[in-house]
Amino acid sequence: PSATYFNKRWKAEGFITTAKYLVENKNAFVVVHGGPEDVSLCNAIVEATGKQCVNMAGMLSLSGSAALLNKAALVIANDSGLLHMAQSQKVHVVGIYGATTRELGYFPIDIKSTVVETHVACRPCTHNGLNHCPKKHFRCMNDITPDMVINAALQYLT
């Protein structure tokens, strides 16, 4: 649920709603993952989601993260290193993209991937990411709803 830059991060509430839906309606087991700096964010998501959700943030090496991702049925992630690592493992990916766009070259390239994004006039606002929204409204991420992400995820889950 994290990313290096603020404007590449979807709201925690969106991840919570999505995780709860997948647990309750698809009997999913959700693993929330990230680096050591993401532990508190991931803990908040796990605590709010409840059953069948664990936090692995900060617990694995890069190769351990790749092995974990390789076992996933689906990875839902912001535009981040973990999203691209999941792609390298040939895992279905739902990417949540705000500040950056396909034209900048950071999109998933695999046919097993879906990108959830909004089309606002100020997008893209940066090539790599920023720690603020230049327009101060953050619509590129705030306008992405859990339903949009859940619907993208459902195409990969039976």
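The following dialogue reads selected features of a predicted model.

Student: Let us begin with the helices. Which residues of α2 are buried?

Tutor: The general idea comes from helix geometry. An α-helix has 3.6 residues a turn, so residues three or four places apart point the same way. In the case at hand, helix α2 spans residues 39–49, and its buried residues are C42, I45, V46 and T49. Viewed down the axis of α2, these buried residues fall within an arc of 95°, so they line one face of the helix.

Student: Which exposed residues does the face of α2 turned away from the buried side carry?

Tutor: That face carries S40 and E47, both exposed.

Student: C42 was listed among the buried residues of α2. How many disulfides does a search of the whole structure find?

Tutor: A disulfide is a covalent bond between the sulfur atoms of two cysteines. The search of the whole structure finds zero disulfides. For C42, the closest cysteine sulfur is that of C53, at 9.1 Å, which is too far for a bond. C42 counts as buried because its relative accessibility is 0%.

Student: What is the closest cysteine sulfur to that of C125?

Tutor: The closest is the sulfur of C140, and the separation of 5.9 Å is too far for a bond. The cut-off that settles the matter is 2.5 Å between cysteine sulfur atoms. C125 counts as partly exposed, with a relative accessibility of 31%.

Student: I turn to charged side chains. How many salt bridges are counted?

Tutor: Side chains of opposite charge can pair when their charged atoms come close. In this model the count comes to three salt bridges. One of them joins D79 to K8, with the closest N and O atoms 3.1 Å apart. This pair links distant parts of the chain: D79 lies in the loop between β3 (75–78) and α4 (81–88), whereas K8 lies in the segment before α1, and they are 71 residues apart.

Student: Are D79 and K8 buried or exposed?

Tutor: Both D79 and K8 are buried.

Student: Which residue forms a salt bridge with E117?

Tutor: The partner of E117 is R123, and their closest N and O atoms are 2.8 Å apart. R123 counts as buried, at 11% relative accessibility. A further salt bridge is formed by R139 and D143, with the closest N and O atoms 2.8 Å apart. R139 is partly exposed, with a relative accessible area of 40%, and D143 also counts as partly exposed, at 31%.

Student: R123 raises a question about the backbone. What is the form of the peptide bond from R123 to P124?

Tutor: Most residues other than glycine have a negative phi, and most peptide bonds are trans. The bond from R123 to P124 is cis, with omega near 0°. P124 is found in the loop between β5 (113–116) and α5 (139–142).

Student: What is the phi of K136, and where is K136 found?

Tutor: K136 has a positive phi of about 70°, although it is not a glycine. K136 is found in the loop between β5 and α5, and F138 is also found in that loop. The phi of F138 is positive too, at about 50°, although F138 is not a glycine.

Student: Which of these residues is buried and which is exposed?

Tutor: K136 is exposed, with a relative accessible area of 74%. F138, by contrast, is buried, with a relative accessible area of 10%.

Student: How many aromatic pairs does the structure hold?

Tutor: The structure holds two aromatic pairs. One of them is formed by W10 and F15, an edge-to-face pair with 5.1 Å centre to centre and 70° between the planes. Both W10 and F15 are buried.

Student: Finally, which residues form a nonpolar patch on the surface?

Tutor: F29, V31 and V54 form that patch, and together they have about 240 Å² of accessible area. F29 lies in the loop between α1 (12–26) and β1 (30–32). F29 is exposed, with a relative accessible area of 54%.

Definitions and conventions:
Residues numbered from 1 in each chain as written. Predicted model: local features only at pLDDT ≥ 70, side-chain atom pairs only at ≥ 80, totals over all residues. Heavy atoms only, no water. Patch = residues over 30% accessible without salt bridge, like charges linked within 9 Å, V, L, I, M, F, W, Y side chains within 5 Å. Areas by Shrake-Rupley, 256 points an atom, 1.4 Å probe, with all protein chains shown as cover. Salt bridge = Lys/Arg side-chain N within 4 Å of Asp/Glu carboxyl O. Helix = DSSP H or I, 4+ residues; strand = E, 2+ residues; numbered from the N terminus. Buried < 20%, exposed > 50% of the residue type's maximum accessible area, 1.4 Å probe, protein only. Phe/Tyr/Trp six-rings, centres within 6.5 Å; stacked < 30°, edge-to-face > 60°. Arc of directions from axis to C-beta.
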